[in-house]
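Me: I have a structure open and would like to learn how to read it. Where do I begin?

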Amino acid sequence: VDLEMSFVHRDDVLTCLEGMIGAVFRDVIGKDLPLPLPRMSYRDAMDRFGSDKPDLRLAMEMADVSALSKECGFKVFSETAVKGNNVKGLAVPGGAAKYGRAQVDKIVARAVELGAKGLAWAKIEKGALTGQIAKFFDTAAQERFNTALGAKEGDLLLFVADEWEKACTILGTLRLQMGRDLDLIDKSRFAFTWIVDFPAFFKDSEGKWVAGQHPFTQVHPEDADRMMSEPGKVRSLQYDMVLNGIEIIGGSVRIHDWEIQKQVFSILGM
């Protein structure tokens with residue numbers, strides 16, 4: 001379905017599309033879809049799930065432990081955090097017993113295959129950290145990290161230290177893999193969410209600004225005054241509807257102000 005609408009705001013579009021999806025669910029499978037659907041910012045989705053199309057049927061969430069890492073005894077973490085990069089962590093429920101050393105080594109190899117410099121890990125056994133990085137954390141530090149991750153006895157802890165987007169996507173991929181391996185995905189659910197507030201601009205491999213979606217996507221009204229000074233902090237009015245980790249609807253409000261359009265072209269070097 002291709003939808004063209006005039007004189008509307010983003011909320012108008014999302015409400016219209018929710019009504020359509022609600023009707024489809026009711027007519028095809030006889031289920032009422034609770035509306036309005038939840039919304040999540042791009043930043044929040046990446047931080048918590050490592051993906052802009054998160055599968056919310058899997059309850060495991062990632063955590064940013066960069067602030068804690070600045071003072072920890074593990075140099076890989078502390079040096080990454082001090083440089084302004086990120087340390088992301090994930091607690092895998094029951095993973096301590098279910099993943100032996102050989103299996104953990106395969107997970108580490110998978111992380112490296114995805115582009116990680118490495119994958120730090122530990123287990124919570126008999127109330128304390130064991131494994132690869134345990135010796136670098138005193139009791140107080142262990143408690144702080146466990147609290148941040150929501151970790152419990154018997155969990156396997158995984159950490160990636162890298163640039164923010166890279167750390168998010170690598171750990172997010174492992175999250176889904178381990179959710180499938182351990183049968184933690186609730187297949188009885190239909191987990192919908194909107195993803196909104198995407199970045200309007202990204203830098204490519206050559207350091208040039210490129211459009212997050214395309215050059216005609218309207219920028220968020222609250223960010224319009226800093227387009228020329230801080231393009232990387234500008235959000236757009238792009239939106240995606242995600243169901244069970246799959247994007248089923250995507251689009252955006254188009255630019256309808258020529259002055260904004262000229263600024264976008266200028267940022268992109270057009």
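Reply: Begin with a cut-off: a residue is buried under 20% relative accessible area, exposed over 50%, and partly exposed in between. This is a predicted model. Arg235 has a relative accessible area of 22%, so Arg235 is partly exposed.

Me: Is Asp223 buried or exposed?
Reply: Asp223 is buried, with a relative accessible area of 2%. The side chains of Arg235 and Asp223 meet in a salt bridge, 2.8 Å from N to O. Both residues lie in the loop between strand S9 (209–211) and S10, and the pair ties together parts that are 12 residues apart in sequence. Salt bridges that share partners also make one network, with Arg10, Asp197 and Glu222 among the residues joined to Arg235 and Asp223.

Me: How many salt bridges does a search of the whole structure find?
Reply: The search finds 19. One of them joins Glu61 to Arg48, with the closest N and O atoms 2.9 Å apart. Glu61 lies in the loop between H2 and strand S2 (62–64), while Arg48 lies in helix H2, so this pair ties together parts 13 residues apart in sequence. Another salt bridge is formed by the side chains of Glu113 and Arg110, at 2.4 Å from N to O. Here both residues lie in helix H6 (residues 101–113), three residues apart, which is about one turn of the helix. Glu113 counts as exposed because its relative accessibility is 60%, whereas Arg110, at 26%, is partly exposed.

Me: Next, the sheet. What is the order of the strands in the open sheet?
Reply: In general, strands of a sheet pair through backbone hydrogen bonds, either parallel or antiparallel. In this model, four strands form an open sheet in the order S1-S7-S10-S11, and the pairing is mixed. Strands S1 (39–41) and S11 (246–252) are at the edges; each has a single partner strand, so one side of each has no neighbour in the sheet. On average, neighbouring strands are turned by 25 degrees against each other, direction ignored.

Me: How many bridges join S10 to S11?
Reply: Six bridges join these antiparallel strands, and Val242 stands opposite Glu247 in S11. S10 and S11 form a hairpin with two residues between them. Asn244, in the turn, has a positive phi of about 55 degrees.

Me: Which helix packs on the sheet and touches S1, S7, S10 and S11?
Reply: That is helix H1 (residues 10–29), whose direction makes about 160 degrees with that of S7. Helix H2 (residues 42–49) lies across S1 and S7, at about 85 degrees to S1.

Key:
Residues are numbered from 1 along each chain as its sequence is written. This is a predicted model: local features need pLDDT of at least 70, side-chain atom pairs count only at pLDDT 80 or more; totals for chains, interfaces and linings use all residues. Side-chain values use heavy atoms; hydrogens and water are left out. Two strands pair if DSSP finds at least two bridges between them. Axes are lines fitted to C-alpha atoms, for helices over the stretch in contact, and angles run from 0 to 180 degrees between N-to-C directions. Contact means heavy atoms within 4.5 Å. A salt bridge is a side-chain nitrogen of Lys or Arg within 4 Å of a carboxyl oxygen of Asp or Glu. Buried means under 20% relative accessible area, exposed over 50%, partly exposed in between (1.4 Å probe, protein chains only).
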